[in-house]
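The following exercises are to be worked through with the sequence and the model at hand. Each task is followed by a stepwise solution.

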Amino acid sequence: MNPQLSASCGTLTSPRVRQVLDRLYDDTLNTDPVLRRAAAARGITHEEQAGFYEAMSAAYMPVTPEFGKLLYVLVRATRARMVVEYGTSFGISTLFLAAALRDNGGGRLITGELQPFKAERAREHFAAAGLADLIELRVGDARETLACDLPRQVDLVLLDGLKSSYLAVLQGLEDRLVPGSVLASDNSDMAGAQGYLQHVRDPQRGYVSCALATAALGMQHGHEVVVKL
């Protein structure tokens, strides 16, 4: 993909990126409801239950398309050049972020995934979309992999992994945030993310935070968008 051409027409809506995203969302529709039904038959119905992530290990569990587009907008609007993502999965949210970086003229996206097989698949998707050159994928516990070897400034952080780790991941990055840095979190209305929400909503912490929601597959997903003062 020609970066100059993609910048003029919009990388996110370019055929190459659009085809990959459409295919991954189709795969989500074919995979995730089946796995959720199988988990529900075992009494596992939500992410806060023990065994949920094991039951859903092959699931995509992506950001909703609307939240994905919001991520693109946030990166573009803030002219971000350095993005950190917690929770790659198969790379859907990563593609929204990387497409925005491409249209910003370039940058770097560091993303962390715990499961090696998902990381391998995600790398294939990054290459297929023509965005692999912008993305560094780190495999392992994000509380460790995303807390070291970072640039001095991080412009935007996406939290989209284990909800109970949101606060720990943020705290590992917090000294890299500057006024205007943005935090975005997926499914932050879940109980596991409450420590994170209390942190960013505390006026003494130096953030302004707002909550919003999108819907997909018959479920509502809560999000929090935060800016560093």
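**Exercise 1: A strand residue and its surroundings**

Leu159 has a relative accessible area of 1% and is therefore buried, the classes being buried under 20%, exposed over 50% and partly exposed in between (1.4 Å probe, protein chains only). The model is a predicted one: local features need pLDDT of at least 70 and side-chain atom pairs count only at pLDDT 80 or more, while totals for chains, interfaces and linings use all residues. Residues are numbered from 1 along each chain as its sequence is written, and side-chain values use heavy atoms, with hydrogens and water left out.

Task: determine in which strand Leu159 lies and which residues it touches.

Solution. 
1. Leu159 belongs to strand β4, residues 154-159; helices (H or I, at least four residues) and strands (E, at least two) are DSSP runs numbered from the N terminus.
2. Contact means heavy atoms within 4.5 Å. Leaving aside residues up to four places away in sequence, Leu159 touches Tyr86, Tyr166, Val169, Ala184, Ser185, Asp186 and Tyr196.
3. From Leu159 to Asp141 the C-alpha distance is 14 Å, at a sequence separation of 18 residues.

**Exercise 2: A histidine in β7**

Task: classify His221 as buried or exposed, and identify the polar partner of its side chain.

Solution. 
1. His221 is part of strand β7, which covers residues 219-228.
2. Its relative accessibility is 12%, so His221 counts as buried.
3. A polar contact is a pair of N or O atoms within 3.5 Å; within protein, one must be able to donate a hydrogen and the other to accept it, and residues adjacent in sequence count only if both atoms are side-chain atoms. The side chain of His221 makes such a contact with the side chain of Asn187, at 2.9 Å.
4. Among the residues that His221 touches, beyond four places away in sequence, are Thr64, Asp186, Asp189 and Leu212.

**Exercise 3: Aromatic pairs**

Task: state how many aromatic pairs there are, and describe the geometry of the pair formed by Phe52 and Tyr53.

Solution. 
1. Rings of Phe, Tyr and Trp (its six-membered ring) pair if their centres lie within 6.5 Å; planes under 30 degrees apart count as stacked, over 60 as edge-to-face and the rest as tilted. The count by this rule is five aromatic pairs.
2. Phe52 and Tyr53 are edge-to-face, with 5.4 Å centre to centre and 90 degrees between the planes.
3. Phe52 is buried because its relative accessible area is 1%, whereas Tyr53, at 27%, is partly exposed.
4. Tyr60 and Phe90 form a tilted pair, 4.3 Å centre to centre with 40 degrees between the planes.
5. Tyr60 lies in the loop between α3 (52-55) and α4 (65-78) and Phe90 in the loop between β1 (82-86) and α5 (92-103), so this pair ties together parts that are 30 residues apart in sequence.
6. Tyr60 is buried at 6% relative accessible area, and Phe90 counts as buried at 3%.
7. Tyr60 and Phe90 form one aromatic cluster with Phe117.

**Exercise 4: A residue of β3**

Solution. 
1. Ile135 lies in strand β3, residues 135-139, and counts as buried at 14% relative accessibility.
2. The C-alpha atoms of Ile135 and Asp189 are separated by 28 Å, the residues being 54 apart along the chain.
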